[in-house]
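Hi,

Here is the structure I promised to pass on.

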Amino acid sequence: MNIFKKKKCDVCGRSYSKEEDLMNHKQTAHGDSRYDCKRCDRYFSSMEDMRTHLQREHSYKN
């Protein structure tokens, strides 16, 4: 068991260590194609668009 799994799917309860992995799971397993920015009220249809937004608008670095 990986003790670093922190992000939990609100639909099925599966856990992931990275937010990106959780979002990819939700999109493929549950048909969720909306990526919400946790820092503002914007949302995006792809992970890449949200990542670009985070980098430009919130100075987020991976």
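**The pocket and what surrounds it**

The largest pocket holds about 330 Å³ of space. Among the 14 residues lining this pocket, E19, E20, M50, L54 and Y60 sit closest to its centre. A pocket here is an open set of points on a 1 Å grid over the protein atoms alone, where a 1.4 Å probe fits and protein lies on both sides within 12 Å along at least five of seven lines; lining residues have an atom within 4 Å of a point. Volume means the space filled by probe spheres set on the points, which are joined across faces, edges and corners.

Before going on, a caution: this is a predicted model, where local features need pLDDT of at least 70, side-chain atom pairs count only at pLDDT 80 or more, and totals for chains, interfaces and linings use all residues. Residues are numbered from 1 along each chain as its sequence is written, and side-chain values use heavy atoms, without hydrogens and water.

Which helix gives the largest share of the lining? That's α2, with four residues. Both α1 (19-30) and α2 (47-58) supply at least two each.

As for the fold, the protein chain runs β-β-α-β-β-α from the N terminus. Helices (H or I, at least four residues) and strands (E, at least two) are DSSP runs, numbered from the N terminus. Of the 62 residues, 23% are buried, meaning under 20% relative accessible area with a 1.4 Å probe, protein chains only.

Cheers

How values were computed: Buried means under 20% relative accessible area, exposed over 50%, partly exposed in between (1.4 Å probe, protein chains only).
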